[in-house]
Amino acid sequence: VAHVAKLARLTLSEAELDLFTEQLGQVLEHASDMNALDLDDVVATAHPFGLVNVLRDDDVRPCLDHDKVIAMAPDAQDGRFAVPRILGEAP
Amino acid sequence: VNSAEQIARDVQSGSMSATSVLEMSLDAIRARNAELNVFLYVDEEGAFEAATKIDARVAHGENVGPLAGVPVALKDNLCQDGIPTTCSSKILEGWRPPYNATVVDRLLAAGAVPVGKTNLDEFAMGSSTENSAFGPTRNPLNPSRVPGGSSGGSAAAVAADMTPLALGSDTGGSIRQPAALCGLIGMKPSYGLVSRYGLIAFASSLDQIGPLTKSVTDAAMLLEAIAGHDAMDSTSLPEPPPSLVAHVNDGVAGKRIGLVRELVDGADEDVVASVERAVEALKESGATIVELSVPEFRLGLSAYYLIAPAEASSNLARFDGVRYGLRVAEGDVTAMMEATRTAGFGEEVKRRIMLGTYALSAGYYDAYYGQALKVRTLTIDAFARAYQQADLLLGATTPSVAFEFGSKTSNPMAMYLSDVFTIPSNLAGEPAISVPFGTGEAGLPTGVQLLGPGRSEAQLLAAARVLEIANG
């Protein structure tokens with residue numbers, strides 16, 4: 001569970017880890033009714049329709065207002081989203 | 001409060017002004033919002049502006065639209081330009097979307113007046129509205145009970161006569177279950193009938209926007225106003241939307257309606273009794289009842305609680321403190337993202353992100369997510385077989401009437417089980433409607449559910465209308 005939390009970018013307390021371990025176990029146990037099925041020949045459905053690529057003409061269309069979008073960002077610099085340092089100092 | 005049908009007629013004819021209708025709506029909100037916690041935000045200024053324009057257009061003899069002057073409540077996971085939109089989550093507190101959801105544009109084009117944003121379970125994850133970061137909503141019919149969820153605020157707005165119409169979203173029953181618990185009509189349309197553009201995604205292959213109303217005709221009017229192809233949603237159905245209002249009184253004579261054992265078994269006695277009475281009412285109106293068993297529906301819950309969290313864990317990855325909402329400053333960019341998500345998401349959202357991340361992780365994908373997708377196929381095939389024997393299906397909407405606060409919060413699986421009857425339609429992408437029929441424990445309403453094949457909305461509304469008349 002601690003590994004999954006890391007993948008999901010969540011910090012969990014010891015108490016949360018214990019609680020989630022138990023609760024996720026209950027959900028997965030309920031889902032074990034599916035394991036009894038022979039599904040080898042069943043095709044998986046990820047979406048209600050068979051999704052097909054939707055294409056459109058390559059025309060210029062209006063899009064979201066740049067200033068309005070940037071105005072809602074937690075931090076911005078020169079009209080761009082700003083984030084803390086990603087790369088370390090050069091050696 | 002009048003029906004939307006009546007209000008639109010009166011406003012268009014000039015016998016009532018849109019601004020006076022809005023005043024009544026705002027008075028009702030002021031009277032009970034502190035007690036019930038229905039609206040997270042009321043846009044008085046914007047609503048008055050819209051209503052004033054409508055009155056001016058009526059005065060000029062213009063046709064304003066089918067929902068002329070009708071106040072409407074929006075679930076707070078629907079984006080409205082410049083209006084705070086939170087998904088009932090601290091991670092989006094203070095965010096104002098820079099655009100309208102397609103449904104909001106269509107409501108405005110139909111002459112409706114959006115009055116505000118309603119409470120929900122955080123990111124629509126829940127069945128009681130207890131998971132909101134801004135406190136639970138109370139059921140207007142009995143404030144010691146939950147209104148259902150996740151569209152609990154939208155259901156409460158209509159049940160408390162604050163607005164005659166509300167929009168919700170339904171991923172596993174989040175429109176139909178609160179409708180049943182609040183004594184309303186609630187419909188999940190066919191997947192793709194209503195554009196999801198501007199609906200903040202929970203599980204993209206299951207989510208669908210739909211109406212919560214007091215009458216079947218109002219539901220038909222609202223759905224007609226928002227349905228139809230939208231180039232901004234690549235999963236939007238290309239076909240023209242069906243005509244609904246014109247078919248509301250088509251009845252059920254000659255229709256075969258399948259009573260599905262798995263959509264009744266396990267429900268409380270009062271709920272079962274209401275379904276049985278609904279069967280009699282449909283028979284008296286000329287329908288033939290066929291008893292069916294669809295065991296695959298029982299597997300739906302297991303598949304759903306892997307598929308929906310898997311999609312959610314992916315969709316909610318976008319809330320990382322970079323582009324909108326909360327940011328918790330912390331060291332490097334990864335530490336900032338983790339601190340932001342840890343502080344911003346509530347417990348149920350974290351639980352589902354964890355579950356979904358696990359179901360999708362290397363080594364477990366085939367056993368959980370892959371298996372669930374195959375069960376989804378079984379559910380779709382089972383529906384298709386059932387529709388060879390019946391035109392529509394019938395069952396309960398929820399296993400019980402509105403329950404007490406706190407009764408299911410400590411046990412997520414117990415809460416998840418309240419969606420057992422509504423989930424199959426989401427997995428199949430097919431429409432279903434909850435209709436209030438009879439009362440149960442503590443005099444609270446019970447809901448019965450009608451399910452139909454893709455794009456059978458007109459037939460479902462007509463059958464719902466038969467039950468509405470029989471329920472008196």
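Predicted model: local features only at pLDDT ≥ 70, side-chain atom pairs only at ≥ 80, totals over all residues.
**How chains A and B meet**

- The contact draws 49 residues from chain A and 67 residues from chain B.
- In chain A, the residues that lose the most area to chain B are A:Arg9, A:Met34 and A:Met72, which together account for 13% of what that side buries.
- About 4900 Å² is buried between chain A and chain B, with 71% of it on carbon and sulfur atoms.
- The size of an interface is often given as the accessible area lost when the parts come together.

**Polar and charged pairs across the interface**

- The rule finds 2 salt bridges across the interface of chain A and chain B.
- A:Asp75 forms a salt bridge with B:Arg327, where the closest N and O atoms are 3.9 Å apart.
- On the side of chain A that touches chain B, the elements giving two or more residues are α1 (2-7), α2 (14-31) and α3 (66-71) of chain A.
- The most comes from α2(A), which gives 10 residues to that side.
- By residue type, the side of chain A that touches chain B divides into 34 nonpolar, 7 polar and 8 charged residues.

**The largest nonpolar core**

- This core holds 179 residues, and B:Leu67, B:Phe123 and B:Leu393 touch the most other members.
- Helix α9 (residues 296-315) of chain B supplies the largest share of the core, 11 residues.
- Leaving aside residues up to four places away in sequence, B:Leu67 touches B:Ala8, B:Leu107, B:Ala110, B:Gly111, B:Ala112, B:Leu165, B:Met221, B:Leu222 and B:Ala225.
- In soluble globular proteins, nonpolar side chains tend to be buried together.

**The loop between β3 and α5 of chain B**

- B:Ser132 is found in this loop, which runs between β3 (113-118) and α5 (152-159) of chain B.
- B:Ser132 counts as buried because its relative accessibility is 9%, under the 20% cut-off.
- The side chains of B:Ser132 and B:Asn119 are joined by a polar contact of 2.7 Å.
- The side chain of B:Ser132 also reaches the backbone nitrogen of B:Phe134, at 2.9 Å.
- Not counting residues up to four places away in sequence, B:Ser132 touches B:Ser88, B:Asn119, B:Leu120, B:Asp121 and B:Glu122.
- B:Phe123 has its place in the loop between β3 and α5 as well, and B:Phe123 is buried, with a relative accessible area of 2%.
- B:Ser150 also lies in the loop between β3 and α5 of chain B.

**Backbone geometry worth a look**

- Most residues other than glycine have a negative phi, and most peptide bonds are trans.
- A cis peptide bond joins B:Gly149 and B:Ser150, with omega about 10°.
- B:Phe123 has a positive phi, near 55°, in a residue other than glycine.
- B:Asp161, the residue of the opening question, has a positive phi near 60° and is not a glycine either.
- B:Asp161 counts as partly exposed because its relative accessibility is 26%, a value between the cut-offs of 20% and 50%.

Key:
Residues numbered from 1 in each chain as written. Chains lettered and ligands numbered in written order. Heavy atoms only, no water. Core = buried A, V, L, I, M, F, W, Y, C linked by side-chain atoms within 4.5 Å. Buried < 20%, exposed > 50% of the residue type's maximum accessible area, 1.4 Å probe, protein only. Helix = DSSP H or I, 4+ residues; strand = E, 2+ residues; numbered from the N terminus. Contact = heavy atoms within 4.5 Å. Buried area = accessible area lost by both parts, 1.4 Å probe. Salt bridge = Lys/Arg side-chain N within 4 Å of Asp/Glu carboxyl O. Nonpolar A, V, L, I, M, F, W, Y, C, P; charged D, E, K, R; others polar. Polar contact = N/O pair within 3.5 Å; in protein donor to acceptor, adjacent residues only side chain to side chain.
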